[in-house]
Amino acid sequence: MTQAYDVRNVERAANVRLMIFDVDGVLTDGSLHYGAEGEALKTFNVQDGLGIKLLQEGGIRTAIISARRSPQVTARAKDLGIEFVHQGGHDKLTPFNALVAQLGLTYEQVGFIGDDVVDLPILSRVGFAVAVPNGRQEVMTRVHHVTQHAGGQGAVREVCEFVLRAQGLYDKIMAQFLV
C-alpha cells in the first residue's frame with residue numbers, strides 16, 4: 001500500500017483520461033437493503049456524485065463496471081451523465097478491455113477504484129489503481145492508492161479530487177464555486 005501523496009501516484013493520476021468505478025462497496029457502502037417486494041435498494045453519496053460531475057467537467061471520461069445488475073445503478077449513472085455502464089457478471093475484464101479499445105486508450109490512461117477480488121483483474125492493469133479502506137485486504141495490498149474515506153462515504157469524491165489536482169485542474173474548476 002502506497003502513501004496518499006506519493007509523487008508516483010500523482011504522476012499516475014495525471015495520466016488518467018478515463019476513470020472507472022465499481023459500485024457495491026465503492027459508490028455505495030456495500031450494503032443491500034431489501035424492500036417488501038424483494039427489490040434491492042442502494043444508497044449513493046451525493047458528494048461522490050458531484051465529484052464525478054467535476055471530473056467530467058475536467059474532461060475525464062467516466063464509466064461503471066459492476067458485477068451486479070441493478071436498475072438503481074442505471075438510474076444513478078444516467079443522473080450523473082456517466083457515459084459507459086456495464087453491469088452483470090463477475091468477468092469485468094472483458095468489458096474493460098472492450099471499453100479501453102473502443103476509446104483508443106492505453107491501460108496507463110485509465111484509473112479504476114474497486115474493493116473486492118473480482119476487481120483485481122482490472123486493478124492489476126490500469127495506470128492508477130485505487131481501493132477503499134473497507135475493501136478486501138487482497139485488494140488493498142495490490143493497488144497504487146487507498147483512499148482515506150470508505151466506500152459510499154466520500155471515497156469517490158476523494159479520488160476524483162485527487163485526479164483533478166494531479167492534472168492541475170482542481171483550482172480552475174473550484175473557482176466557479178468560490179465567487
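Which residues in helix 1 meet which residues in helix 7? I looked this up in a predicted model. On the helix 1 side I found N9, V10, A13 and A14, and on the helix 7 side F162, V163 and A166. I sorted the residues of this contact by type and got six nonpolar, one polar and no charged.

**Entry: helix 1 and helix 7, geometry**

I took helix 1 as residues 7–14 and helix 7 as residues 155–166. Their axes lie 8 Å apart, and the packing angle is about 85 degrees. I therefore noted helix 1 as roughly perpendicular to helix 7, since angles from 65 to 115 degrees count as such.

**Entry: R157**

I stayed in helix 7 and looked up R157, which belongs to this helix. Is R157 buried or exposed? I noted R157 as buried because its relative accessible area is 17%, and the cut-off for buried is under 20%. I then listed what R157 touches, leaving out residues up to four places away in sequence: Q47, D48, L50, G51 and L54.

What is the order of its strands? I read 5-4-1-6-7-8 for the six strands, which form an open sheet with parallel pairing. Strand 5 and strand 8 (145–146) are at the edges. Each of these two has a single partner strand, so one side of each has no neighbour in the sheet.

I checked two of the pairings. Strand 4 (residues 61–66) pairs with strand 5 (residues 84–87) in the parallel sense, over four bridges. Across this pairing I found I64 opposite V85 of strand 5. Strand 6 (residues 110–114) pairs with strand 7 (residues 128–131), again in the parallel sense and over four bridges. Here F112 stands opposite A129 of strand 7.

I also followed the chain through strand 4, helix 3 (residues 71–80) and strand 5, and recorded a right-handed β-α-β unit.

**Entry: G30**

Where is G30 found? I placed G30 in the loop that lies between strand 1 (18–21) and strand 2 (33–34). I noted G30 as partly exposed because its relative accessible area is 39%, which falls between the 20% and 50% cut-offs. Setting aside neighbours within four places in sequence, I found G30 in contact with D24 and G25.

How values were computed: Residues are numbered from 1 along each chain as its sequence is written. This is a predicted model: local features need pLDDT of at least 70, side-chain atom pairs count only at pLDDT 80 or more; totals for chains, interfaces and linings use all residues. Side-chain values use heavy atoms; hydrogens and water are left out. Two strands pair if DSSP finds at least two bridges between them. A crossover is right-handed if, with the strands pointing away from the viewer, the path from the first strand over the helix to the second runs clockwise. Buried means under 20% relative accessible area, exposed over 50%, partly exposed in between (1.4 Å probe, protein chains only). Contact means heavy atoms within 4.5 Å. Axes are lines fitted to C-alpha atoms, for helices over the stretch in contact, and angles run from 0 to 180 degrees between N-to-C directions. Angles under 35 degrees count as roughly parallel, over 145 as roughly antiparallel, 65 to 115 as roughly perpendicular and the rest as oblique. Ala, Val, Leu, Ile, Met, Phe, Trp, Tyr, Cys and Pro count as nonpolar, Asp, Glu, Lys and Arg as charged, and the others, Gly among them, as polar.
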